[in-house]
Amino acid sequence: MKKISRILTLAALVILVLGCLPINAITPYSTYTYSIGGFSLMSPDAYTPDRQIDSNYMGVTPAIDDPRDLFVDQYKNIYIADAANNRIVVLDRYYKLKFYINTFVNGQGVPDSLTNPSGVYVTEDKIYVADTDNNRIVMFELDGTFYKVIEEPDSDVFPSGSIYKPVAIAVDNYGRIYVISSTTYMGVIAINENGDFQGFIGAQKVTIDALSIIWRRFQTEEQRALSQQYVSTEFNNITIDDKGFIYVTTSSIDENQQQAAINSKDGTYAPVKKLNTAGSDIMKRNGFFGPGGEVNITNISTADITGPSKIIDVAIGPEETWSIIDEKRSKIYTYDSDGNLLFIFGDTGQQLGNIQSIEAIAYLDNDILILDKTSDNITVYRRTEYGDLLLEAIRNTNERNYDTTIDYWMEILKRNNNFDSAYIGIGKSLYRSADYEESLTYYKSAYDTENYSESFKEIRKAWISKYIVLIPIIVIAIVVLIVLFNKYAAKLNKKTQLKKGRKTFWEELIYANHVIFHPFDGFWDLKHEYRGSVRASFVWIVIAILTFYYQSVGTGYIFNPQEGGSTILVQLTAVLVPVLLWTVSNWCLTTLFDGEGSFKDIFVATSYALVPIPILIIPSVIISNFSLASEATIINLLVSLAFIWCGLLIFFGTMVTHDYTFSKNVITSLGTIVGMAIIMFIGILFSTLLAKIVSFISSIVIEITYRM
């Protein structure tokens, strides 16, 4: 009896252990998102591979060859553009063959057929086929019966010698047809159902480097004609959502420009765009990075895959989510309507769930269908419990059920506490419920400064209304104190000017107030009238160091979301090293060019020139704690003004100290900067050699110790 009990207990333990295995252990790929720093964060699987559907299962003969496009209609029928077999394969919702569209009798009563069809789109009552090599679009009824042919638009709209090659199409609710032609660079071709040309929309912007622009000015007309033509990039795929907004993809943007667009969230060179009917990009890019595929292009599972993603298709999912596919990595990237990354999954390979050559994507109920061009099959991915929770959270957000939304996002965080969109979702729900203080906590967890700024705006508005009388009093008091201090400093400096003998330490410090506003006579008296000193110079250097330290730790969250404070030692190095390098380099150079300033004079003048840094940067840090993201210009202006003011004082201080003309001082200043670089190079070289010598001696000593 005891033996049976032990066996049952052991079996129960095994079942418990197996039940605790992570779901993603069964998938041949990792699901992940990206952090604000561009690092991948593992995530539970939103979709898992369910099965592969090949031609045998479909009942298709001959087998599908070179599939180009995939579409699912409202009745859950599946359409595959089978280019090599010159047909459209139509399947039912169970992936079984319904019929082919290949041959038909056209409007003139003549037998006709498709040739290399590359795209298919289905509306409520019509099937549209991009008949690529016949340079036309062919329309069919939903049962496959021929309806009409839409020939090539008026050739006058295309450049001379270009060929109309429709490869992808989309149709809006008003019957307007949007065509992607593989040989057309002016954007998406818009035509009506009668084939009348409506215009081009969404042409991709191109750039020409400065050198090419200058060179082309010296070329003859013949040379320009033979040189590189700068034309817009062509799109490669298109789809349209139920609101009539057009999603287009392209894979021929310059790789550097594409990755820069993703990092900066700029849509100009983005590989996927959302266009309105006027052709303007209206895609929201509120995530850490712009939608467009892989963010960290070195963070890849296959070592021989390099460079940015190659985006070749886009599909609209439930609740305004949408997905794009990367041909290079066979990955699927899914985003919400605000451009937040929800999850990434997929990989190359031959296991179930991996794709050898990804070609197209479509949604079918709770599944994602991926067309594999190499294997000529469809891989079906089933949405998981985690994916269901994610979709329910988005659905409740769209329906403004904010209390319910919070519950779903909380459930998601229990399964994936790295998911920033969950924190943002909770923050937005709290914001819409007017719980602004609490929403800040969740926005901070996701480093979402934009939404944080919106909540902080409401808090600041309430604070201002509460202390509306006190604010102008504080402002007036600060202005009065500044005016009184400037009057006091001016009076003291005027009094000190007539004083003979050694100046007090306070008088030497206060003289900086005169120097920064009157640099020419200020620096002259600083040197010839001994109005400054080395001890006061060190004080201003220390104040500059403390100012930068305060800036690193005291800047408001909106402008320093990672709250990465620095150390005093780092700031000491950042201030003292440039000051000493400038002083040494300038002294060495001006000694050879009749400079009248000593090493001490240069050091003192440079140190006093640092005074604008605390005057402007400290207020900018204080203001940053009360400012919104939209008011960053004020902060940046104060900081920029501080450095410009400081740089001008150093320049004029050097000029007065050495009694140089303006032009000579410009040359000397440039030479000083070069000298600083040389000194740094020599210093690094010397320290490296010294380290190697020490390492060599240490190795010899260790070797001798072992042999004794």
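A: Happy to. A residue counts as buried here when its relative accessible area is under 20%. Keep in mind that this is a predicted model.

With that cut-off in hand, let us look at helix α15. The buried residues of α15 are Ala536, Ser537, Trp540, Ile541, Ala544, Ile545, Thr547, Phe548, Ser552 and Gly554. Their packing partners are α12 (505-510), α13 (512-517), α16, α17 (599-608), α18 (612-624) and α19 (632-658). As for its dimensions, α15 has 21 residues and spans 29 Å from its first C-alpha to its last, close to the 30 Å expected at 1.5 Å a residue.

Now to one of those partners, α16. Helix α15 covers residues 534-554 and helix α16 covers residues 568-592; the two pack at an angle of about 135°, with their axes 9 Å apart. The crossing of α15 with α16 is right-handed.

Which residues make this contact? On the α15 side they are Ile541, Ala544, Ile545, Leu546, Phe548, Tyr549 and Ser552, and they meet Ile568, Gln571, Leu572, Val575, Leu576 and Val579 in α16. By class, the contact of α15 with α16 has 11 nonpolar residues, two polar ones and no charged ones.

A loop residue joins the picture here. Leucine 610 lies in the loop between α17 and α18. Its relative accessible area is 7%, so leucine 610 is buried. Setting aside neighbours within four places in sequence, leucine 610 is in contact with Ile541, Ala544, Val575, Val579 and Cys646. For a sense of distance, leucine 610 and asparagine 665 are 55 residues apart in sequence and 19 Å apart in space, C-alpha to C-alpha.

For another helix pair to set beside this one, take α8 (residues 420-432) and α10 (residues 449-466), whose axes come within 11 Å and cross at roughly 20°. That angle makes α8 roughly parallel to α10. The crossing of α8 and α10 is left-handed. Ile424, Lys428 and Tyr431 in α8 meet Asn451, Glu454, Ser455 and Glu458 in α10. The contact of α8 with α10 divides into two nonpolar, two polar and three charged residues.

Note on methods:
Residues numbered from 1 in each chain as written. Predicted model: local features only at pLDDT ≥ 70, side-chain atom pairs only at ≥ 80, totals over all residues. Heavy atoms only, no water. Axes fitted to C-alpha atoms, helices over the stretch in contact; angles between N-to-C directions. Helix = DSSP H or I, 4+ residues; strand = E, 2+ residues; numbered from the N terminus. Left-handed = near helix turned anticlockwise from the far one by under 90°. Contact = heavy atoms within 4.5 Å. Nonpolar A, V, L, I, M, F, W, Y, C, P; charged D, E, K, R; others polar. Expected span 1.5 Å × (residues − 1). Buried < 20%, exposed > 50% of the residue type's maximum accessible area, 1.4 Å probe, protein only. Parallel < 35°, antiparallel > 145°, perpendicular 65-115°, else oblique.
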